[in-house]
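The structure goes here before any entry is made.

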Amino acid sequence: MEITTLIAAFFVGIFASFIGAMVGSAGLITIPFLMFLGLPPHVAIATHKVGAVGLLMGAISKFWKTDLIQWKVTGLLVFVSAVSALIGAQILVYIDKDLLSNIVVVLLLVVLPILFLKKEVGTVQKSVSSTQQGIGYFLYFLAQIFGAFFGGGAATFLIYILMTFFGFTILQANATSMLPSLVLNSIALVIFGTNGIIEFEMGIVLFLGMMLGGRLGALMAVKKGNSWVKIVFVGVVIVLVIKIITQ
């Protein structure tokens, strides 16, 4: 692969993961980029996962030093994510992606009015019932299945689930989602790798760029705070909805 292409991938990885570390959806940038370079869709998705692991490692290195990660639920979220990875990665070539994309866009269209009308969502930590958390775990499980076989947009929805059904602020939700997602992507990578659908040269370059961007994005998120990150989050949700509707 040409050196100029690899350099471009490195900087695309930095930009995508800078946004992804704050509000998710780095895959919406990297996966289309990889397909533009000529990689088949399933190879682009699998190769993106290599970069996603770098993003998560870079972001976790920053969030770990804060009190944002909600450890009381992290263990169960890791378990849920591991199961989701085994399911999602295996059905990459079988699932009706258009159907799941339509489900995601409907859910995101529900998200937007709540984010605008309830100013405290994502900016103030709230107490929630065990029933709400139970629903949240189930939705998290479904979202992570989607994240395992595709990834683009899944992280944004995960953040919303943790804000709505667990009462976390947007920064707490983002930080808490990182470790479970690292487990998910690592398991998916093993499955994709054994099936020979990863472009490793491109993947390694993405890994390096996205690790750097993930660290920078997490640093910016912590520095700016919940209200600022929520504005970015709303913007990404709007772009995600438009992208899914028009594709």
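**Entry 1: A16.** I began with A16, which counts as buried because its relative accessibility is 0%, where buried means under 20% relative accessible area, exposed over 50% and partly exposed in between, with a 1.4 Å probe and protein chains only. I found A16 in helix 1; helices (H or I, at least four residues) and strands (E, at least two) are taken as DSSP runs and numbered from the N terminus. Not counting residues up to four places away in sequence, A16 touches A26, I29 and T30, contact meaning heavy atoms within 4.5 Å. I also noted that A16 and G27, eleven residues apart in sequence, are 7.5 Å apart in space from C-alpha to C-alpha.

**Entry 2: basis of the values.** I note that this is a predicted model, in which local features need pLDDT of at least 70 and side-chain atom pairs count only at pLDDT 80 or more, while totals for chains, interfaces and linings use all residues. Residues are numbered from 1 along each chain as its sequence is written, and side-chain values use heavy atoms, with hydrogens and water left out.

**Entry 3: the whole chain.** I counted ten helices and zero strands in the protein, so that I could write its pattern along the sequence as α-α-α-α-α-α-α-α-α-α, using the DSSP runs as defined. Of the 247 residues in the protein, 54% are buried. Among contacts between residues at least 6 apart in sequence, 85% join residues at least 24 apart.

**Entry 4: helix 1 against helix 3.** I next looked up how helix 1 (residues 3-23) packs with helix 3 (residues 41-63), and found an angle of about 50° with the axes 10 Å apart. That angle makes helix 1 oblique to helix 3, since angles under 35 degrees count as roughly parallel, over 145 as roughly antiparallel, 65 to 115 as roughly perpendicular and the rest as oblique. The axes are lines fitted to C-alpha atoms, for helices over the stretch in contact, and the angles run from 0 to 180 degrees between N-to-C directions. The contact is made by S17, G20 and A21 of helix 1 and by L55, A59 and F63 of helix 3. By class, this contact of helix 1 with helix 3 has four nonpolar, two polar and no charged residues, where Ala, Val, Leu, Ile, Met, Phe, Trp, Tyr, Cys and Pro count as nonpolar, Asp, Glu, Lys and Arg as charged, and the others, Gly among them, as polar.

**Entry 5: A46.** Staying in helix 3, where A46 is found, I asked what A46 is in contact with once its neighbours within four places in sequence are left aside. The partners of A46 are L189, F192, I197 and I198. A46 counts as buried because its relative accessibility is 0%. A46 and F200 are 154 residues apart in sequence, yet 9.8 Å apart in space from C-alpha to C-alpha.

**Entry 6: helix 4 against helix 8.** The axes of helix 4 (residues 71-90) and helix 8 come within 8 Å and cross at roughly 25°, and the two helices are therefore roughly parallel to each other. On the helix 4 side, the residues making the contact include W71, V73, T74 and L77, and on the helix 8 side they include T176, L179, P180 and V183. The residues of this contact of helix 4 with helix 8 divide into 16 nonpolar, five polar and no charged.

**Entry 7: helix 4 and T176.** I listed the buried residues of helix 4, among them V73, T74, L77 and V80, and found that what covers the buried residues of this helix includes helix 6, helix 7 (154-166) and helix 8. Within helix 8 (residues 170-194) I looked up T176, which counts as buried because its relative accessibility is 0%. Leaving aside its neighbours within four places in sequence, T176 is in contact with L68, I69, Q70, V73, T74, L77, L162 and F168.

**Entry 8: K126.** Is K126 buried, exposed or partly exposed? At 34% relative accessibility, K126 counts as partly exposed, and its place is in the loop between helix 5 (97-117) and helix 6. K126 and G167 are 41 residues apart in sequence and 4.5 Å apart in space, C-alpha to C-alpha.
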